[in-house]
Number of protein chains: 4
Amino acid sequence: MKPRDENKINEIYKATLNLVKASGLAGITMQMVAKEAGIATGTLYIYFKNKEALINALFDVCIRSSASTFFSNYDPAQPFKIGFHTIWLNIVHRRVTHFNESIFIEQCFHSPFIDEESKVRLRKIFEPLLHLIERGKKEHLIKDIDTTWLLSLMVGAINEIAKRTMYYHIKLTSEILEANFQLCWDGIKA
Amino acid sequence: MKPRDENKINEIYKATLNLVKASGLAGITMQMVAKEAGIATGTLYIYFKNKEALINALFDVCIRSSASTFFSNYDPAQPFKIGFHTIWLNIVHRRVTHFNESIFIEQCFHSPFIDEESKVRLRKIFEPLLHLIERGKKEHLIKDIDTTWLLSLMVGAINEIAKRTMYYHIKLTSEILEANFQLCWDGIKA
Amino acid sequence: MKPRDENKINEIYKATLNLVKASGLAGITMQMVAKEAGIATGTLYIYFKNKEALINALFDVCIRSSASTFFSNYDPAQPFKIGFHTIWLNIVHRRVTHFNESIFIEQCFHSPFIDEESKVRLRKIFEPLLHLIERGKKEHLIKDIDTTWLLSLMVGAINEIAKRTMYYHIKLTSEILEANFQLCWDGIKA
Amino acid sequence: MKPRDENKINEIYKATLNLVKASGLAGITMQMVAKEAGIATGTLYIYFKNKEALINALFDVCIRSSASTFFSNYDPAQPFKIGFHTIWLNIVHRRVTHFNESIFIEQCFHSPFIDEESKVRLRKIFEPLLHLIERGKKEHLIKDIDTTWLLSLMVGAINEIAKRTMYYHIKLTSEILEANFQLCWDGIKA
DNA sequence: TATGAATGAGATTTCATTCAT
DNA sequence: CATGAATGAAATCTCATTCAT
């Protein structure tokens with residue numbers, strides 16, 4: 001008996017992300033995914049019931065692993081700005097090193113595959129950041145406006161930074177990173 | 001192959017945008033577009049050579065009409081901040097009132113339909129803004145860092161503002177708008 | 001506009017019946033049906049949502065048209081034996097002239113396509129015959145045993161007569177028919 | 001390619017018959033058969049070259065074991081009616097206790113799996129009954145019409161009796177059996 | 001020009017069969 | 001022998017495009 005290769009699932013995920021980056025959700029077929037993953041088309045269906053299941057499972061994995069990196073090294077006990085800086089850097093780093101994933105999530109958000117529930121789950125992963133921002137407001141370190149707009153500035157800018165970094169093949173030095181963080185910080189600080 | 005009935009073409013565009021918002025580029029078929037536009041499938045092909053041509057033409061139209069609104073009421077002769085504020089507001093307004101269009105452009109960017117040339121054209125529409133920002137840097141009004149990052153903050157935040165506004169059905173009052181502008185301005189100002 | 005060809009549905013039905021007779025429900029594919037009907041595979045799906053829908057619709061049609069012929073020229077006002085003879089002949093005639101149909105119904109009965117409801121509907125078409133037999137029992141013309149067994153003899157024998165007629169290419173003369181009716185009649189008569 | 005484990009082969013046969021009864025020849029897959037038989041898919045191919053071989057082998061087994069039961073306790077030396085009654089009962093009994101088998105044979109008869117030769121073999125198993133009926137005709141005990149029609153009445157009715165018994169979950173008492181035999185006998189007797 | 005039925009290539013999915021363990 | 005994952009050919013089904021009306 002050949003044991004069910006758990007690693008194969010990762011190959012499939014990787015293949016899907018690559019292909020979606022290259023030509024969007026609209027541009028992938030199960031054959032392409034299989035070929036890119038180095039397996040037969042039928043094998044795909046051993047691991048995923050159908051295309052929708054594959055996309056959904058991958059979406060879930062992306063959310064989960066994103067979430068875990070966003071808050072790595074983040075300690076709520078630290079001063080606000082330290083924590084905020086850590087998370088800011090983590091998200092930028094994730095977006096850039098997993099650019100595929102970012103594109104995939106963005107594409108999924110307007111697709112026939114992802115249900116409302118998954119979208120809600122995506123929003124939930126930012127909750128610790130939300131709490132941190134609330135704290136920052138309480139400590140009068142950042143502006144007292146609705147958190148959603150503070151997040152808009154932060155997350156929106158990060159997404160755009162990642163895109164430009166990737167599209168224009170920019171090397172993100174720590175100077176650039178810090179300059180960008182400064183932009184964000186100056187925007188939100190009280 | 002592209003006759004007069006300009007009105008019908010607009011119906012087709014509108015239908016496409018609606019459907020792409022609802023289920024993404026991956027989720028639309030020519031039949032769906034025709035039905036949504038209230039015409040027969042065959043009629044679609046009187047106005048557009050094929051699906052790719054429709055998507056590309058619409059992409060072009062979106063870019064063009066976006067561009068025209070982005071800089072309406074903008075007068076390069078005015079003081080920097082006035083001009084910047086005008087454009088900022090214009091873009092936010094466009095993104096929110098033409099949310100469909102934003103989603104469509106975003107989806108197209110990673111799709112098998114849009115060629116490199118069109119992507120370049122999309123970037124070009126921001127050129128007047130680019131020049132303005134360069135001017136702002138010269139006038140020492142805004143930070144002296146690479147323009148791309150200043151744009152990241154502005155454009156990224158605006159995109160996110162629009163999404164949150166639409167997803168959470170927020171009514172954008174002028175207070176909210178000004179607060180958001182302030183965030184952006186504080187971020188980029190020298 | 002090309003109007004939806006109602007006749008095409010009949011071609012599809014005919015093709016399906018022919019193929020099922022030749023190689024059973026297990027032996028048909030949608031491609032085969034399309035080819036036999038002289039249309040493209042995709043066209044099949046204009047008229048029927050999927051394979052199951054085609055089989056079910058055809059099953060229904062078979063039941064309905066069978067039922068209508070079984071009782072043609074049957075007048076409940078006539079003497080029992082006349083009526084019984086009419087129906088007997090009608091069923092034999094139908095089974096032989098529409099042998100495809102008989103095979104199809106038989107195959108469908110044990111298939112993944114037909115639901116319980118349709119099976120019940122099939123049984124219902126014999127109801128007028130059931131009533132006639134009840135009457136025969138009341139008139140003491142036929143044996144007073146459960147109607148189901150009287151029907152078994154009649155219907156079972158007819159099915160077998162049709163099969164043998166078709167398999168052995170027998171020409172059913174009126175002598176043969178009457179001899180067979182006599183067998184049945186002698187069996188059930190009081 | 002057909003080793004000893006006779007017991008496993010029987011499990012496979014049993015599984016196939018059960019599944020065919022439940023959803024017809026059109027509804028079974030090798031995976032389903034394996035699962036139902038409690039073995040792995042690959043194991044199926046140790047015992048049978050392929051699907052066709054399995055179906056054919058089972059068809060053969062069904063024919064053989066049917067044949068052996070049809071004439072058990074039948075002694076050609078006995079009076080005609082005794083012999084006929086014995087065989088009639090045997091067939092009814094077999095059809096009811098091995099209903100799966102009956103369905104399977106019926107389904108196979110119109111399928112891409114069974115060749116003409118096997119069909120002939122199926123017909124051959126009734127030969128002793130055929131001879132008995134010829135004898136009955138010579139002894140002027142039954143009607144002098146073509147044997148095929150006398151068989152039609154007998155076999156057709158039996159098939160139908162079995163179906164109704166199984167579909168309606170009827171308990172076949174000896175009264176019911178004898179009543180049914182009487183129907184058949186009255187039909188064919190001279 | 002407008003229609004929508006028809007087409008058939010191609011996408012999704014299934015499944016008989018093979019094969020590595 | 002036994003397993004069940006892997007395969008890929010073939011089945012089901014979809015959809016961009018054409019065409020008869």
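Tutor: Buried area is the accessible area, found with a 1.4 Å probe, that two parts lose on being put together, summed over both. For chain B and chain A this area is about 3,600 Å², and 65% of it lies on carbon and sulfur atoms. The model is predicted: local features need pLDDT of at least 70 and side-chain atom pairs count only at pLDDT 80 or more, whereas totals for chains, interfaces and linings use all residues. Residues are numbered from 1 along each chain as its sequence is written, chains are lettered from A and ligands numbered from 1 in the order in which they are written, and side-chain values use heavy atoms, with hydrogens and water left out.

Let us begin with the residues that take part. Chain B gives 46 residues to the contact (heavy atoms within 4.5 Å), and chain A also gives 46 residues. On the side of chain B, 23% of the area buried against chain A is supplied by B:His110, B:Trp149 and B:Leu183, more than by any other three residues.

Which elements of chain B give two or more residues to the side that touches chain A? They are helix H1 (6-23), helix H6 (99-109), helix H9 (147-167) and helix H10 (174-188). Helix H9 of chain B gives the most, with 16 residues. Helices here are DSSP runs of H or I with at least four residues, strands are runs of E with at least two, and both are numbered from the N terminus.

The arrangement of the two chains can now be described. Chain B can be laid on chain A with an RMSD of 0.2 Å by a turn of 180° and a shift of 0.0 Å along the axis; the superposition is by least squares on the C-alpha atoms of residues with pLDDT of at least 70 in both copies. The two copies are thus related as by a two-fold rotation axis. Of the interface residues of chain B, 100% are also interface residues in chain A, so the copies meet through the same surface.

A second interface may be set beside this one. In chain C, 46 residues are in contact with 47 residues of chain D, and these two chains bury about 3,600 Å² between them, 65% of it on carbon and sulfur atoms. C:His110, C:Trp149 and C:Leu183 supply 23% of the area that chain C buries against chain D, more than any other three residues. Across this interface there are 2 salt bridges; D:Asp186 forms a salt bridge with C:Lys143, with the closest N and O atoms 2.6 Å apart. The number of residue pairs in polar contact between chain C and chain D, both at pLDDT 80 or more, is 16. The largest share of the side of chain C that touches chain D comes from helix H9 of chain C, with 16 residues.

C:Thr147 has its place in helix H9 of chain C, and it touches C:Leu130, C:Ile133, C:Glu134 and C:Lys137, not counting residues up to four places away in sequence. D:Ile170 is found in the loop between helix H9 and helix H10 of chain D. Leaving aside its neighbours within four places in sequence, D:Ile170 is in contact with C:Trp149, D:Arg164, D:Thr165 and D:Ile176.

Other chain pairs remain apart. Chain A and chain D do not touch, and their nearest C-alpha atoms are 10 Å apart. Chain B and chain D do not touch either, with their nearest C-alpha atoms 32 Å apart.

Methods. Salt bridge = Lys/Arg side-chain N within 4 Å of Asp/Glu carboxyl O. Polar contact = N/O pair within 3.5 Å; in protein donor to acceptor, adjacent residues only side chain to side chain.
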